[in-house]
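Please look at the sequence and the structure before reading on.

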Amino acid sequence: MIVDQKAQEISLALIKISVYSRRPELRHRLERLAFEILDIVANRDFAALERIRQTFKNLVSFGRTIYEIEPINANMLLSEIDQLNSA
């Protein structure tokens, strides 16, 4: 249950952050990633979660670098995905 809740929290944060992106491609990728995380966790495909974690980290870090994601939000998301992976 805790894994499902954490996945929902991360996905919700991604959706909220994506709304503020000025770049449509980044916005769509963040939204797609949010739904993919939910799908992976629902199917208990934890090998896929490990693979998507690196994509998540790269995308969020890139968003921070190009000033599309606030540093505090990026750091929170990166911390949360590591917690989800640990759970």
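Where does Y67 lie? Y67 is in the loop between α3 and α4. The model discussed here is predicted.

## Overall build

The protein has 4 helices and 0 strands, and from the N terminus the order of elements is α-α-α-α. Its radius of gyration is 12 Å, close to the 12 Å given by the globule rule for 87 residues, so the protein is as compact as a globular protein of that length.

Along the principal axes, the C-alpha atoms fill a box of roughly 35 × 20 × 20 Å. Of the 87 residues, 38% are buried. When contacts between residues at least 6 apart in sequence are taken, 61% of them join residues at least 24 apart.

## Packing of α1 and α2

Two packed helices are described by the angle between their axes and by the distance between those axes. For α1 and α2 the angle is about 170° and the axes are 8 Å apart. Angles over 145 degrees count as roughly antiparallel, and α1 and α2 are therefore roughly antiparallel to each other.

On the α1 side, the residues that meet α2 are V3, D4, A7, Q8, I10, S11, L14, I15 and S18. On the α2 side they are R27, L30, E31, L33, A34, F35, I37, L38 and V41. By class, this contact of α1 with α2 comprises 12 nonpolar, 3 polar and 3 charged residues.

S18 belongs to helix α1, which covers residues 2–18. With a relative accessible area of 0%, S18 falls under the 20% limit and is therefore buried. Apart from neighbours within four places in sequence, S18 is in contact with R27, L30 and E31.

E31 sits in helix α2, residues 24–42. Its relative accessible area is 27%, so E31 is partly exposed. Beyond neighbours within four places in sequence, E31 is in contact with I15 and S18. E31 and M76 are 45 residues apart in sequence, and their C-alpha atoms are 17 Å apart in space.

V41 is also part of helix α2. At 1% relative accessibility, V41 is counted as buried. Which residues does V41 contact, leaving aside its neighbours within four places in sequence? They are V3, D4, A7, L49 and L84. For V41 and A7, the separation is 34 residues in sequence and 7.0 Å in space, C-alpha to C-alpha.

## Packing of α3 and α4

The axes of α3 and helix α4 (residues 71–86) come within 9 Å and cross at roughly 170°. The two helices, α3 and α4, are therefore roughly antiparallel to each other. In this contact α3 supplies L49, E50, R53, F56, K57, V60, S61 and R64, while α4 supplies P71, A74, N75, L77, L78, I81, D82, L84 and N85. Sorted by class, the contact of α3 with α4 has 9 nonpolar, 3 polar and 5 charged residues.

R53 is one of the α3 residues in this contact, and its helix α3 runs over residues 46–65. Is R53 buried or exposed? R53 is buried, with a relative accessible area of 16%. Its side chain makes a polar contact of 3.0 Å with the side chain of D82.

## Loop residues with positive phi

Most residues other than glycine have a negative phi. R44, in the loop between α2 and α3, is not a glycine but has a positive phi of about 55°. R44 has a relative accessibility of 39% and so counts as partly exposed.

Y67, in the loop between α3 and α4, likewise has a positive phi, near 65°, in a residue other than glycine. At 70% relative accessibility Y67 is above the 50% limit, and therefore counts as exposed.

How values were computed: Residues numbered from 1 in each chain as written. Predicted model: local features only at pLDDT ≥ 70, side-chain atom pairs only at ≥ 80, totals over all residues. Heavy atoms only, no water. Buried < 20%, exposed > 50% of the residue type's maximum accessible area, 1.4 Å probe, protein only. Polar contact = N/O pair within 3.5 Å; in protein donor to acceptor, adjacent residues only side chain to side chain. Contact = heavy atoms within 4.5 Å. Axes fitted to C-alpha atoms, helices over the stretch in contact; angles between N-to-C directions. Parallel < 35°, antiparallel > 145°, perpendicular 65-115°, else oblique. Nonpolar A, V, L, I, M, F, W, Y, C, P; charged D, E, K, R; others polar. Rg over C-alpha atoms; globule rule 2.2 N^0.38 Å.
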